Amino acid sequence: MYALLKLILNRLAHAIPTLVGIIVIAFILLSLAPGDVVDILAADGSIQDAATAAAMRAKFGLDQPLPMQALNYVIGVFQFNFGYSPIHSLPVSDLIVSRLPATFLLMASSILLSVIVGVVIGLYAALNVRTWKDFLGSVFAILFFAAPSFWVGLMLMVVFSIKLELLPVSGMVSMRINATWFSQALDIARHLILPTCALGLFYAAIYARVMRAAVLQVSKLDFVETARAKGVPEGAIAFRHILRNAVLPVITLIGLQTGNVMAGAVVIEQVFSWPGIGTLLFDAVLDRNLPVVMGVLILSSVIVMVTNLIVDILYFILDPRIQLEKHS
Amino acid sequence: MKRFGLKTLLATASVALLLTGMPMMASAQEPQSGGTIVELVSSEPPNLVGAFGGATTLHEISDKIFDKLLEDKNGEYEPRLAESWEVSPDGRTFTFHLNPSVKWHDGTPFTSADVAFTMTEIWKKFGGILAYGRITGVETPDEHTVVFKAENQIAPQLLLGTLGNLQGLVLPKHIYENTDYKANPANLAPIGSGPYKFKEWVKGQYIVLERNPDYYRKPYPYLDGIVVRFERSANTRAAALEAGDAHLGVRSPVALRDLDRIEKLDNLAYTAAGSEGAVWLQQMEVNLQHEITANPLVRKAIAHAINKEKLVSLVYAGHAKPATGPIPSTIPSYTKDVDTYGFDPAKAEALLDEAGYPRKSDGKRFPLKLVVGNWFETQSQSADLIAQDLADVGIDVTIDKPAIPAFIGQVYKNYDFDITLTNSVNYSEPGVGSLIWLWTKGIIPGVPWRNASHYSNPEMDAVIEASLVEQDPSKRMEQLHTFQKLAARDLPIIYLVEMDMINVYNKKLHNVGNHPRWYYTNWEDLWLEH
């Protein structure tokens with residue numbers, strides 16, 4: 001337990017300078033992009049003369065030198081002040097908090113789907129290596145690895161929404177529902193299916209490939225042969241001995257790819273009009289709404305850091321050897 | 001429905017028919033009340049108050065909630081909040097008699113104080129609108145009369161055409177007085193006087209408008225409600241319409257190449273009607289501050305070198321037509337009697353030779369930087385086609401497609417371009433949006449959609465300024481014709497095409513596109529068959 005606590009504290013100590021670094025670099029890079037939010041406000045007719053534009057820039061702090069702006073921002077972040085979105089007339093933290101649940105739901109369901117589908121297919125393919133079942137698994141993996149997720153999303157939409165009329169095209173809720181808690185949850189679940197598949201199947205394909213390779217590797221190791229020699233049934237070998245060892249690389253990947261899943265969610269949220277931070281980020285980038293872009297970036301960094309920490313903890317629990325190495 | 005006789009309804013229907021020339025089938029049926037429709041829009045507006053200015057989607061929604069003094073139907077003015085009005089013969093006093101039965105959505109009576117407040121505190125302060133800038137005094141002799149005074153004359157069409165357009169939405173004084181107008185919470189939950197009341201805004205997802213039962217124009221509105229859903233992807237919009245999840249998308253909601261497929265579906269239809277009085281032009285601003293493009297021969301050569309017909313057929317799939325000048329062909333003050341520049345590469349080459357830019361040994365004459373406002377897919381495609389056309393006559397075009405904020409800064413602040421590809425929206429009254437592009441006073445660094453070409457011609461300025469004050473409609477028409485002739489002669493902006501703005505809708509929906517500025521109007525007569 002002590003070792004685990006030490007690990008967590010160690011990671012947190014590393015996290016703070018990393019975060020400051022991310023904020024400063026991102027802030028400078030984003031500020032270098034030509035055009036700012038005042039240009040955007042001017043474009044829709046809200047600003048009609050040069051004096052108003054200058055006054056607006058002063059109001060949003062855009063007239064200060066870049067290092068000053070960056071410093072002010074970093075100080076603000078550590079006071080949990082993520083700035084103000086001039087386009088929405090709302091604090092950035094409110095905007096992000098309101099969008100976060102939808103994105104978490106989509107990410108969680110996609111990761112869950114990808115892990116279950118990927119692990120099952122990978123394991124199944126490896127246990128039936130070089131048969132038609134294995135081949136079928138490979139076809140699945142190649143197809144969904146190669147196909148862009150937005151295209152998969154559109155194709156799912158054509159089949160399940162337009163042709164079969166089974167599922168809604170987009171959005172998160174049906175608006176005409178006068179709903180009880182249960183029917184609302186059911187409604188959201190129906191809307192969740194297609195985006196989850198579009199986002200999750202890509203990662204399922206990766207996990208299937210990794211899982212298959214890991215199972216094949218592990219199943220050649222001595223302890224598996226030993227178990228087999230002892231007369232342990234094949235099913236028990238597969239689950240107790242092989243799966244637990246083979247799943248480690250998959251877990252590593254999940255940790256590494258949380259950031260990618262978030263990036264994928266940006267695209268998928270566009271396609272399915274899922275009201276998460278992906279759509280918020282997309283609009284904010286187009287509008288040069290720097291405070292919102294920064295807020296989402298910081299949030300994503302924190303999420304990736306937290307996921308990596310969780311992966312480390314899982315390692316700790318799944319593979320006692322890692323614990324021993326740390327102790328020695 | 002039940003409250004009104006068949007006669008009224010038929011009369012309404014036939015008036016609508018006469019005014020718009022809609023297909024017989026659609027309007028011949030008796031309108032039905034009730035039903036809620038789902039409309040898809042491509043972006044989420046920052047707020048819902050169009051009176052401060054703002055982007056297209058904002059206005060499309062705001063115009064259903066708020067109301068105007070009058071409605072400009074391509075030069076014909078219909079009463080709305082004002083039952084009647086008089087213009088003094090000297091063009092300095094405009095008196096409006098307001099409808100006494102109008103109430104705001106919160107039940108407060110609408111009075112002349114609201115109009116006076118909106119004029120002095122909102123219209124004159126935000127939006128930089130030409131007509132309102134010329135109003136110097138507002139009087140409210142009684143609760144239902146409001147008088148606008150101007151020290152200098154105003155052309156009646158300019159003021160009425162602005163009040164009757166999307167710049168004319170009246171705000172409630174009791175909500176806005178003594179507040180920070182742009183930070184007022186009512187901007188996100190507006191209280192208007194129009195046919196639809198604001199009900200709910202779920203950020204990132206949709207806005208719900210519901211029927212205003214106290215709307216003063218009976219029997220409108222027919223619909224129980226409108227749900228405006230934000231749908232960013234054109235493919236998803238097409239799928240949602242096709243699956244019946246949504247009833248309507250305006251301003252070309254789907255890719256133009258999808259329209260042929262949509263036409264064959266049982267439940268959907270599309271129409272280009274409804275934007276005759278709010279026309280989107282695709283145009284090329286030419287930088288007159290640069291030596292090569294300052295030469296009129298070069299500008300004429302460019303105009304002759306671009307194949308507009310090919311733009312129409314290849315980029316717009318036929319849903320556009322070649323433009324001739326700054327005022328589009330469906331606007332009452334349009335004239336086709338201007339210099340035109342047909343596709344003629346040989347002539348273009350001759351003009352370029354004459355201008356002193358012969359082909360060099362590598363076959364090129366000079367380089368030009370084309371900066372593209374890349375908000376529609378069609379913009380980017382047009383740029384590629386135009387670059388090819390210009391390459392054929394020896395002009396070496398470099399295409400620059402910056403992100404939208406960068407485009408605005410590059411073109412309208414830093415003037416870093418030779419030629420651009422952009423769009424303008426041109427209304428029935430040219431004073432609202434068409435004149436400023438070519439007026440010396442339109443050269444305002446940092447403010448987009450103005451005179452970026454730096455065209456400054458005293459003859460043109462005189463015509464524009466005369467049209468702002470002219471009292472005689474026929475003289476004003478002549479001035480606007482001269483405006484178009486000068487624009488086509490001098491070519492500071494090369495006008496490419498008039499774009500069709502397509503409405504895609506479920507066939508159960510009726511009265512789609514029945515107003516020359518349809519998507520900016522309040523849809524009081526839109527109805528759903530059920």
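Guide: Happy to. Keep in mind that this is a predicted model. Let's start with helix α10 (residues 234-272) of chain A and helix α11 (residues 277-286) of chain A, which pack at an angle of about 85° with their axes 7 Å apart.

Visitor: Which residues make the contact between α10(A) and α11(A)?

Guide: From α10(A) come A:Met262, A:Val266, A:Glu269 and A:Gln270, and from α11(A) come A:Ile277, A:Gly278, A:Thr279, A:Leu281 and A:Phe282. Sorted by class, that contact has 5 nonpolar, 3 polar and 1 charged residues.

Visitor: What makes α8(A) roughly antiparallel to α10(A)?

Guide: Helix α8 (residues 181-218) of chain A packs against α10(A) at about 160°, and their axes are 8 Å apart. The cut-off for roughly antiparallel is over 145 degrees, so α8(A) qualifies against α10(A). Their contact divides into 24 nonpolar, 5 polar and no charged residues. As for handedness, α8(A) and α10(A) cross in a right-handed way.

Visitor: Which residues touch the most other members of the largest nonpolar core?

Guide: Those are B:Leu69, B:Phe96, B:Phe148, B:Leu248 and B:Ile302, in a core of 244 residues. The largest share of this core comes from α10(A), with 16 residues.

Visitor: How do you know what B:Phe96 is in contact with?

Guide: Contact means heavy atoms within 4.5 Å. Leaving aside neighbours within four places in sequence, B:Phe96 has contacts including B:Leu69, B:Trp85, B:His144, B:Phe148 and B:Leu163. There's also another core, apart from the largest one, with 7 residues, among them A:Val38, A:Leu41, A:Ala53 and A:Ile87.

Visitor: Let's zoom out. How many helices and strands are there in chain A?

Guide: Chain A has 13 helices and 2 strands. Its C-alpha atoms fill a box of roughly 85 × 60 × 40 Å along the principal axes.

Visitor: And what percentage of the residues in chain A are buried?

Guide: Of the 328 residues in chain A, 48% are buried, where buried means under 20% relative accessible area. If you take contacts in chain A between residues at least 6 apart in sequence, 74% join residues at least 24 apart.

Terms used
Residues numbered from 1 in each chain as written. Chains lettered and ligands numbered in written order. Predicted model: local features only at pLDDT ≥ 70, side-chain atom pairs only at ≥ 80, totals over all residues. Heavy atoms only, no water. Axes fitted to C-alpha atoms, helices over the stretch in contact; angles between N-to-C directions. Helix = DSSP H or I, 4+ residues; strand = E, 2+ residues; numbered from the N terminus. Nonpolar A, V, L, I, M, F, W, Y, C, P; charged D, E, K, R; others polar. Core = buried A, V, L, I, M, F, W, Y, C linked by side-chain atoms within 4.5 Å. Buried < 20%, exposed > 50% of the residue type's maximum accessible area, 1.4 Å probe, protein only. Parallel < 35°, antiparallel > 145°, perpendicular 65-115°, else oblique. Left-handed = near helix turned anticlockwise from the far one by under 90°.
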